[in-house]
Amino acid sequence: MPAALMPSAHEGAAVPPAPLTPPKTPRPTPAPLYGPTPPVIGSLKRSLREIRSGLKAGETDAQECRRLIDAAVRDFWQTAGRQTPVMAPDPKGAGHALVTFLWRDDRARAVLLFANRITDETDLGKSLMRRVPGTDVWHLTYRMETDWRASYCILPCYGKGGVSDLLGADQASVRHALDCGIADPRNPLRCQNRVGNILSVVELADAPPQPWLRPRHQVARHGTVSTHELPEGYRVWVYEPPAAPVRARGKWALPGGGKGVPGLSAAAQPAVSRSAAGSRPPASSSSAALPALVMFDGDMWMRTEHFHETLDNLIGEGRVPPMYVLLVETGDVASRWEKLGEDSGIEDFVADGLLAWARGRYPITDDPARLVVAGQSLGALTALLVAAKRPESIQNVIAQSASLWRGRLLEQMKGPEGLLHSFTARVYLEVGRQEHVLLPYSRDLAGMLRQQGLDCSYVEYNGGHDYVCWRGGIADGLCWVADGWLADAGDAARQDGAAGDGAEEQGAAGPALRPLPPVPRPQKPSLRQAPAPARPTVRQLRRERLYGKTQHDDRGAGIIPPKVARPKPAPRTRTAVIAPLKAAIRAIHATCREQGADAQERQRLIDAAVEDFWETTGRQTPVILPDPKSEGHAFVTFLWRDSRASAVLLFANRITDETDLGKSLLKRIRHTDIWHLTYRMETDWRASYCFVPCYDKKSVSDMTGVHQASIRRTLDRGIADPRNPLQCQNRARNTLSVVELADAPPQPWLGIRPQVARRGKVSSHQLPDGHMVWVYEPALPEEPRGRDALPEGPRGKDAALPALVMFDGDVWMRTERFHETLDNLIGEGRIPPMYALLVETDDIAARWDELSTDSRIEDFVADGLLAWARGRYPITDDPARLVIAGQSLGALTAFWVAIRRPACFQNVVLQSASLWRGRFLTRMTGQKGLLRGFTARVYLEVGKQEWVLLPLARDLAKMLRRRKLDCAYIEYNGGHDYACWRGGIADALCWITDRWAADNSANAGSS
């Protein structure tokens, strides 16, 4: 029986299990729809009525009327609708605003808006947007209080039955459809939900500030993040705070520069467990033990919300003391229900397992008053349970939107022998006013805690069950807890002064401390062979990479790719985009000199010209103009608007030279906030890019002159282009923008196609050896189409299907949403139904360890992964129908597996393979070379901007063709970029399955 379904020990075996799904109840009050036509739509409708009145009066014909209507709609999208949602003050009530959501679509039959906890999932019809007749404008307006914040997405429906099917389906289908919604392309504020879908964010003027989210350039010292596999099967992210600054800042500054937790008196310092020499590593700043935070749903907080940046800011600005953070991964929905809750036993894991494991590695205090446990939703309920059942371990709780509907926590806390009788923790409790199910429970809990005389902060925010609210609230909760520690320190200091010197000495000595034995460090089984004695450790390799040193493994393979300058500079040039604005500014200067206008009037005229530029030329960026001298080239002008920056760096994938960043600095037009940089590129170019604005001169010089690791960390925190709706994410989960020119290779299989009704299932699994694998299970069409209709194709649910194995599954499933591409390819009959097994390779250190040609990765894939998958899914054992794929280092590893295990894989997809590593190409030729006996079909692609990999890929293609192997070699105009790979992997699968179709036809003809 799963732990979550077992009866509670103190309630007896007869207690029924807690429900596994939250109650789905209608909103107690309807969503505050604004009945009259909102002002932004009213002005458009008036313009359309005037145009149509001219048609009725015979002043214009139908064709001219249509042209005028189209012009009015275009003007609407360029002015009022250029950034959405449109917010206007409510004329009938202060403290309220009219929030108008807009969607542009001339093909949709209906458009559904899903705003967190505003849309009623039991009555979706009330959230359908309205269309302005005869236009592509869809709109829906809510009247909201000005402190509202929420995530939202839009779901257009194109088929006749799409809307009715969605409105009448069960909750699971509704939730799946809403999880596939589309972000608002005209809203630069974005976030992600649990399944990795990108959502938009609406926040009104008085919404609680969230000042700690984004990287701050003045915070120079950053903590480090590492991942660990615990023996109990949990994965944990550990945030290690940065070393103490030379001069401490904020509330936690030490007046005397002493050691310990800053801001606390000697008596109030947390007790430090003295262990045997060498059993605990020293603290980053001193030998004193530090506070710690334990938080659930670590996969969301580290991979999606970038919680480490919030911690860097809070600690760097002195708002909270340096502290360690242990973030526990809870996995997918089914795993969360099993791990989190009343009867899961997780309180014992946290107190006896996690904290003991962490203290064996890091200087973490064992004073429960300086330990915090936090969670959201079901994790918040679990955090309360940990503090209630193990008060000797943790004495501070941050509970956000706790799922108090589940189980019996409130009942268990009541009575003379209830949990509340021994509950002594400090509690920060917050809930959204739009959470109509949780709100009364949270109010009851806050009342119980305050009645007990406990230190409780209760906050109600205007929002829902939403990470866009929680990510600011968790920072507020930490600040409130830290302020409580300071108050405790002040009280302790006053008591010390009143007690005299003798008492002070006794308090400083503290109680007897028991030593903690060293805990052996558990690790996920490595795929690498036993290292040679002289081989450097992972810590040494990480340190050497930080300082730019290239080391070699036992086969002579470079640990980091060679950083060489571009063979020729990026093609910077001038453009006609900026010339008219410069001419207008020169004319303004001349006119002002002639008329004797003052500087204030001159700046007003320049500002008006700049605003006109942003509303016309710069409304969508980058600005692309054809090169009149060359048909195959175009001028690409990147624009950035910032009046405070001292410099702005553009990082375009493999166009920006990381060895000379100064060549990618944007130029500023004097007396304006316009920054610009233009490249002359071929019209088939595609790349991701971001901006790094700098606000002091020192940061520019440091960034362009320091070692590569710091440069990469700075670039990974760049900002996406707010005027470009095309976006993607990098490995660090930072949002980037995408530029693609007219002739770039099409990527038709990305995103969600409404006409594809049957979608596959995605599940995550932890294998016995500790590896995480995502499994895509295809949906078999009722009537086979396209390639699936081949005579030799699979039949029925029990027939063995082809399969794809690919590395870096965490990026492909959480960021690139590869399952949507597979849904489209299979649903449109372009490839046959196939399973996909995507192996997570985790952080950079794990990738270097596992993805290489000197590890046992081929044994894991062939004997471990495939055997495990065939025991659960109908996957073929025919190597001709199995594909292995990878990108960069994963591509090199995929090639290695296919070479070493030809009986498993006969199809290989290599995208930007890291062939520079380990003299790989030199080991392939000759009588005993790696290619001897190699017969697989190979799809090989590389970017023309990858000047290191390009010659190596060309050499490999020549070797394969010389051996008469079936090889497709593609060179695309791009770089080392998921923005290119996500389209190339679909092309590769189509090419391979086309070969399967040809094989079937040949076999049918021969028989």
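**Salt bridges in the predicted model**

I began with D999, which at 28% relative accessibility counts as partly exposed, where buried means under 20% relative accessible area, exposed over 50%, and partly exposed in between (1.4 Å probe, protein chains only). I noted that this is a predicted model, in which local features need pLDDT of at least 70 and side-chain atom pairs count only at pLDDT 80 or more, while totals for chains, interfaces and linings use all residues. Residues are numbered from 1 along each chain as its sequence is written, and side-chain values use heavy atoms, with hydrogens and water left out.

I then found that D999 and R937 meet in a salt bridge at 3.3 Å, N to O, the term being a side-chain nitrogen of Lys or Arg within 4 Å of a carboxyl oxygen of Asp or Glu. The pair lies 62 residues apart, with D999 in helix 24 and R937 in strand 32 (residues 937-943); helices (H or I, at least four residues) and strands (E, at least two) are DSSP runs numbered from the N terminus. R937 is buried, at 13%.

I next looked up D994 and R830, whose side chains form a salt bridge of 3.0 Å, N to O. D994 belongs to helix 24 (residues 978-1006), and R830 to the loop between helix 19 (818-827) and strand 29 (835-839), 164 residues away. D994 is partly exposed at 24%, and R830 is partly exposed at 24%.

Finally, I recorded a network in which salt bridges with shared partners join D348, D352, R390 and E392, and a count of 36 salt bridges by this rule.
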